[in-house]
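We will go stop by stop.

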Amino acid sequence: MKIFSKIKFQNCILISMLLLVGCKNNPEPPAPFGPVPSSRQVEWHDTDFYSFIHFTINTFTNKEWGYGDESPELFNPTAFDAEQIVLTCKNAGMKGLVLTAKHHDGFCLWPTKTTEHNISKSPFKNGEGDIVREIADACCKHGLKLGIYISPWDRHNANYGKPEYIDVFKAQLTELLTQYGEIFEVWFDGANGGTGYYGGANENREIDRVTYYGWDEIFKIIRELQPTAAIFSDIGPDARWIGTEEGYSGDPCWHRYTPEGREDGVPPGMGQTKYWESINGHRDGEYWMPAETNTSIRPGWFYHASEDDKVKTPERLVKLYYESLGHGTTLILNLPPDRRGLINEIDVASLTKFKEIIDATFSKDLTEGATFTASNIRGKSQKYDVVNLHDDNQQTYWATDDDVLLPEVVVEFPDITEFNVVNIREYIPIGQRIWGWALDRWEDDQWIEFAKAESVGHRRLWKGSLQTTKKIRLRITEAAACPAITRFSVHLEPVRLEAPVISRDKMGNVSITSNAEIRYTIDGSQPSQSSELYVKAIPLPRGGVLKAAAYYQEESSSVTTASFSQSKSRWEVETASSYLKSYESFKSIDTYPSTFWQSENGDKQMELTICLGEELHLKAFTMLPRQDGKKEGLITHYEFFTSDDGENWNKSVSGEFSNIHNNPIEQRVEIEPVNAKYIRLKATKTVGGEFATIAELGVYTK
């Protein structure tokens with residue numbers, strides 16, 4: 001009897017030990033930390049890289065923001081090809097696109113029942129066209145996700161600013177969400193209210209963008225009709241604006257965010273934002289509200305032939321890739337179709353080279369065949385093993401025990417390895433948990449730190465100088481909860497020739513710099529190895545277009561293109577009021593973009609008069625806004641005058657510098673050709689309203 005009891009007792013101990021081991025080898029998953037993404041947000045994160053397609057009546061009026069009085073008769077692309085647009089996106093590595101179905105001018109790219117201001121009233125396909133349908137079908141055919149941009153602001157609708165317009169807006173949204181298949185993102189612009197045509201009223205209508213539209217009802221419509229669609233606006237609710245249109249995010253960039261005004265009961269999507277907070281987010285933010293980085297491949301959002309020489313180079317696209325996706329945001333890159341209805345060949349060429357660089361970098365993971373060792377594995381379980389860091393399954397991850405917040409992973413390569421890119425991904429369905437990390441290389445029997453930062457999130461890319469080592473170490477230096485990482489990979493971006501840098505002085509002499517042989521053209525053609533060899537400054541006092549490329553043996557760089565206006569060597573400021581000596585008027589023509597003229601505070605004239613030194617045949621003028629990141633004094637509305645004697649003036653043109661508040665790029669305005677010796681730019685409306693600023697004023701004679 002005693003023997004039996006002893007055996008029974010030993011069996012109980014054995015069973016208990018087996019149960020304990022079993023629990024340890026199959027531990028509970030890490031508990032979620034803080035706010036976590038919804039399933040639609042996780043899907044949106046995974047879209048990573050997609051395009052904006054800005055194409056509407058503005059393409060044919062050469063504007064960024066239409067006023068609302070444009071005739072639908074103007075919309076007539078001569079060779080529209082939805083498949084060319086969609087395949088351009090796909091070939092660049094994008095997973096989707098967002099189409100501007102209606103911009104601020106109110107013109108609708110689908111045959112809507114809500115307004116006559118739509119594509120059915122245009123000559124395109126004899127009024128039978130539907131751009132949204134063709135793009136949607138092409139996306140479906142080629143496996144790209146479709147998103148919709150619909151502007152809440154409508155400068156054409158007579159009822160905008162009144163309750164009646166909201167019913168129209170809801171009806172338009174409903175049409176788009178029920179007729180074109182699955183939508184992955186609904187994109188709402190932050191520009192709302194101001195001057196417009198408004199059915200012929202030609203007036204200023206300001207609205208309270210927090211309360212006017214009834215966002216709760218708008219969001220409810222989207223959730224009911226497209227439950228998997230992410231909603232983007234300045235402040236969410238699913239994704240927020242990064243705060244700039246230049247194509248980069250902050251570092252760190254947190255997926256969490258607390259909108260300003262939330263304490264007053266303002267729900268997500270309806271609050272206010274501050275640039276410096278939006279670009280970084282909040283480490284301890286109340287909501288999961290990740291950022292989307294948006295920029296255009298050209299300076300503007302719509303196609304303008306004058307920007308053909310200003311398309312972002314492949315190298316610039318690669319840089320913004322690292323500064324957006326590499327900081328955890330998604331990247332939406334605008335590709336504006338031209339008046340044919342095609343993505344222009346110049347844009348396609350840049351995208352093609354960009355994709356070659358990205359593919360060459362990420363097609364090979366240098367950790368293949370390497371040995372991974374972690375300082376801790378959650379419950380010593382295979383489910384959370386370090387092996388998960390180098391599989392292709394984003395649903396598996398390495399995690400540590402709850403009390404291990406500062407672990408490390410060592411990767412030992414089979415051989416000495418060179419790399420300059422590291423890729424890290426957190427498992428974000430359970431929150432953004434890592435608050436600090438560092439990378440070390442093994443050198444001379446010790447670890448040498450070569451990189452460190454704070455946030456990781458959906459994806460973190462480190463790009464830096466070439467590292468050579470046998471071992472690399474990832475250290476978590478700060479964490480709010482046990483880390484959970486789904487991917488760690490190492491890559492080598494190929495060394496390549498950098499595109500030349502082109503500059504011009506006030507006398508009109510152009511200089512080109514590069515670390516290789518430079519060939520250039522000034523006749524508009526693409527440079528080749530047989531083009532003119534650059535040996536000294538090139539005089540271009542009358543302006544023109546210069547293209548240059550660097551060459552070394554069989555290698556060539558991307559082409560740099562620079563368009564120059566008339567030289568300012570003989571220019572003088574005739575009249576202007578200056579606020580301080582540091583803002584003197586001559587700085588508006590000193591050829592230095594970093595300096596600017598500022599008129600006296602409260603000066604109602606807000607104008608600048610320039611003597612050109614000789615009579616010129618003017619065809620366009622340019623105005624570069626202040627480039628210091630501040631908005632005060634930016635000119636939003638203007639009048640431009642010309643004179644041959646400085647006494648008798650003719651108004652050449654007046655208008656609006658659209659979107660200059662968010663995208664302070666050089667503004668080019670075509671005018672009726674005129675001979676003039678004097679020019680005057682008058683600001684009729686500015687940001688802040690008390691003074692005007694100008695970094696550079698210029699004219700084109702060709």
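Which two side chains meet in a salt bridge at 2.9 Å, N to O? Select Arg460 and Asp251: they are the pair. A salt bridge here is a side-chain nitrogen of Lys or Arg within 4 Å of a carboxyl oxygen of Asp or Glu. This pair links distant parts of the chain, 209 residues apart. Arg460 sits in strand E18 (residues 460-479), and Asp251 sits in the loop between strand E8 (239-241) and strand E9 (256-257). Strands (E, at least two residues) are DSSP runs, numbered from the N terminus.

Before moving on, note that this is a predicted model: local features need pLDDT of at least 70, side-chain atom pairs count only at pLDDT 80 or more, and totals for chains, interfaces and linings use all residues. Residues are numbered from 1 along each chain as its sequence is written, and side-chain values use heavy atoms, leaving out hydrogens and water.

The structure holds 42 salt bridges. Select Glu449 and Arg475 next. Their closest N and O atoms are 2.8 Å apart. Glu449 is in strand E17 (residues 446-453) and Arg475 is in E18, 26 residues apart. Arg475 counts as buried because its relative accessibility is 19%; Glu449, at 41%, counts as partly exposed. Buried means under 20% relative accessible area, exposed over 50%, and partly exposed in between (1.4 Å probe, protein chains only).

Together with Glu449 and Arg475, they are linked in a network of salt bridges.

Then select Glu614 and Arg542. This salt bridge has its closest N and O atoms 3.2 Å apart. Glu614 lies in strand E30, and Arg542 lies in the loop between E24 and strand E25 (544-552), 72 residues apart.

**A covered strand**

Select strand E35 (residues 696-700). Five of its five residues are buried. Glu696, Gly698 and Tyr700 are on one side, with Leu697 and Val699 on the other. Strand E30 (residues 607-624) pairs with E35 in the antiparallel sense over five bridges. Two strands pair if DSSP finds at least two bridges between them. Look for Ala620: its bridge partner in E35 is Tyr700.

**A three-strand sheet**

Show E20, E21 and E24. They form an open antiparallel sheet in the order E20-E21-E24. The edge strands are E20 (501-504) and E24 (538-539), each pairing on one side only. E21 (residues 509-513) pairs with E24 over two bridges. Find Val510: its bridge partner in E24 is Ile538.

Note on methods:
Helix = DSSP H or I, 4+ residues; strand = E, 2+ residues; numbered from the N terminus.
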